[in-house]
Amino acid sequence: MNCFANAAIAVALTTAIATPAFAQAKLKVGLMLPATGTFAQLGTAIDNGFRLYVAEQGGKIAGREVEFVRVDDESDPAKATDNVNKLIKRDNVDVLIGTVHSGVAMAMAKAAKESGTLLIVPNAGSDPITGPMCAPNIFRSSFSNWQPGYAMGEVMAKRGLKKVVTITWKYAAGDESVKAFKEAFEKNGGNVVKELSLPFPNVEFQALLTEIAASKPDAVYTFFAGAGAVKFVKDYAAAGLKKSIPLYGAGFLTDGTLEAQGADADGLMTTLHYADGLNTPRDNAFRLAYAKSYKLQPDVYAIQGYDAAQMLSIGLTATKGDPKNAAVFAEALRKAKIDSPRGSFTLSRSHNPVQDIYLRQVSSKENKVSGIAAKALADPGRGCRM
Ligand code: PHB
C-alpha cells in the first residue's frame, strides 16, 4: 500500500470517528396528526407548515435529511397510546410532532416522558403538558388552552359585559378554555351564569341554543374548532341569536373556517396568537411562500406547524443533530427567540410560548387584528417541576 492510500484511509477513519452514526442517518420525524374527523383540516395545515420550513432548509434539519412517518390519530384518545407507541417502538422515530386534540396529546406527552423521545406539540393546548407533565424533552409551538381563554375574559369584562353563558365540547380543551375565561372574567367583575357543553365531537347544538336564548345573557363565550366550529357559527346565526346575543370565542372558532362560515361569521370577535393582516415582512414572506406551495391561505395551524419545525431546527443544531441530548436541546430553546410569522416569541420555563394574544374581528373572510388583548402572555405553568 502506498502512502497516499494510507493517508486516505486515515482521513476516512477520522471522519467516521468525528461524525457519529446518527448524523449520517436520516432524521425520522413522526407526525401524529388527525387526517380524518372534525380536526382533519387542522392536521393538514400543521403538516403543510412543518414541511414548508423543512423544504426552505433544503429538506434538512441540522444537516440531517428528514424522513417523515405519518399516523392518522383520528382525534381519538382511545387509540392514542397505541398510535404513539407505533411511532416510538415500531418506527423508532427521532422526534414526535403532534397533535391537535388535547386528550390525544396527553397520551403522547406521557409516552414521550416515559421513553425520553423529543416531543413538540404543534397545537393541542392541554394545560398540564406545560404544567404537571412538563419535561426537558417536551415543548409546544402553539399555546396553552389557558392563554386565549384568559385574554378573552379580560377583554369581555372591559367591554362592560356582566352576564355570560359559556358553551363548548366537554373535554380537556373546552373545559380548560372555559375555566381560564371564567378566571379572568370573574376577577374583573363579570359573572358566568351558565356553563353549557356537549360531548366531543358532537354538533347537535339545537337544544343548547334554545337554553342560551332562554338565559338572555349579555354575551356568549365559546371554544369550538374545525368542522364543529363551522357548524356552530352557522347554527348560532340560523337560530337568530347573532343579532341579540354577541358571540365571542377563543380564535379557533373562526380560524381556517371562514370560507365555510361565510357571512355568518362577520363581526365575530375572538382572541388568538395569530391574525390576518399582521402585515410584517416575516408574516408576508411566510404567507406568500405558503400560498405558492399549497395554493391555500395559511391559518394559525399552519404557523404552529412551521414553528414546530423551526424549534426542532434550533434544538438539533445545538445538539449537532443528536435527538437524545434533551438537556442541550432544551437549553438552546429556552434561550431562543423564535422568529415566528405570528411575531417572535420565547419559551417559558415549562416550554410554552410566551406570546402576544391578538384581539381579532372577522370582516371580509379575514380575522383582522383589532388590537393586542394581552402582551407577552405567559401561561402560569402551574405544577411544572423539571
Ligand atoms: C385541543 O384539543 O387542545 C384543541 C383542538 C383544536 C383547536 C385548539 C385546541 O383548534
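The report below turns to the basis of the model, then the cavity and its ligand, the pockets, and the backbone.

## Basis of the description

This is a predicted model, in which local features need pLDDT of at least 70 and side-chain atom pairs count only at pLDDT 80 or more, whereas totals for chains, interfaces and linings use all residues. Residues are numbered from 1 along each chain as its sequence is written, and side-chain values use heavy atoms, with hydrogens and water left out.

## The cavity

Rolling a probe the size of a water molecule over the atoms shows where empty space is left. On a 1 Å grid over the protein atoms alone, a cavity is a set of points where a 1.4 Å probe fits but cannot get out, and lining residues have an atom within 4 Å of a point. Grid points are joined across faces, edges and corners, and a volume is the space filled by probe spheres set on the points.

The structure holds one cavity of 30 Å³ or more, and the space in the largest cavity comes to about 80 Å³. Its lining consists of 15 residues, with Val-100, Asn-123, Phe-143, Tyr-171 and Phe-223 nearest the centre. Eleven of the lining residues are nonpolar, four are polar and none is charged, where Ala, Val, Leu, Ile, Met, Phe, Trp, Tyr, Cys and Pro count as nonpolar, Asp, Glu, Lys and Arg as charged, and the others, Gly among them, as polar.

## The ligand and its shell

Around the ligand are 16 residues, of which Ser-102, Gly-125, Tyr-171, Ala-225 and Tyr-301 come nearest; a residue is counted here if one of its heavy atoms lies within 4 Å of the molecule. This shell divides into eleven nonpolar, five polar and no charged residues.

An oxygen atom of the ligand is 3.4 Å from a polar backbone atom of Val-100, and a ligand oxygen is 3.0 Å from a polar backbone atom of Gly-125. At Tyr-301, an N or O atom of the side chain is 2.7 Å from an oxygen atom of the ligand. Taken alone the ligand exposes 280 Å², and the protein buries 100% of that, with areas from the Shrake-Rupley method and a 1.4 Å probe.

## The pockets

A pocket is an open set of grid points with protein on both sides within 12 Å along at least five of seven lines. The largest pocket holds about 660 Å³ of space and is lined by 33 residues, with Gln-41, Gly-256, Thr-257, Gln-297 and Asp-299 nearest its centre. Helix α3 gives the largest share of this lining, six residues, and the elements that each supply at least two residues include α9 (226–238), α13 (300–318) and β14 (366–377). Helices (H or I, at least four residues) and strands (E, at least two) are DSSP runs, numbered from the N terminus. By class, the lining has 14 nonpolar, eleven polar and eight charged residues.

The second largest pocket contains about 200 Å³. Of its 13 lining residues, Asp-127, Trp-146, Lys-179, Asp-379 and Arg-382 are the closest to the centre. Helix α7 (residues 172–187) contributes the largest share, four residues, and the lining has five nonpolar, two polar and six charged residues.

## Backbone geometry

Most residues other than glycine have a negative phi, and most peptide bonds are trans. A cis peptide bond, with omega about 0°, joins Gly-98 and Thr-99, and Thr-99 is found in the loop between β4 (95–97) and α5 (102–115). Phe-200 and Pro-201 are also joined by a cis peptide bond with omega about 0°, Pro-201 being in the loop between β8 (191–199) and α8 (206–215). Lys-216, although not a glycine, has a positive phi of about 45°, and its place is in the loop between α8 and β9 (219–223).

Key
A polar contact is a pair of N or O atoms within 3.5 Å; within protein, one must be able to donate a hydrogen and the other to accept it, and residues adjacent in sequence count only if both atoms are side-chain atoms.
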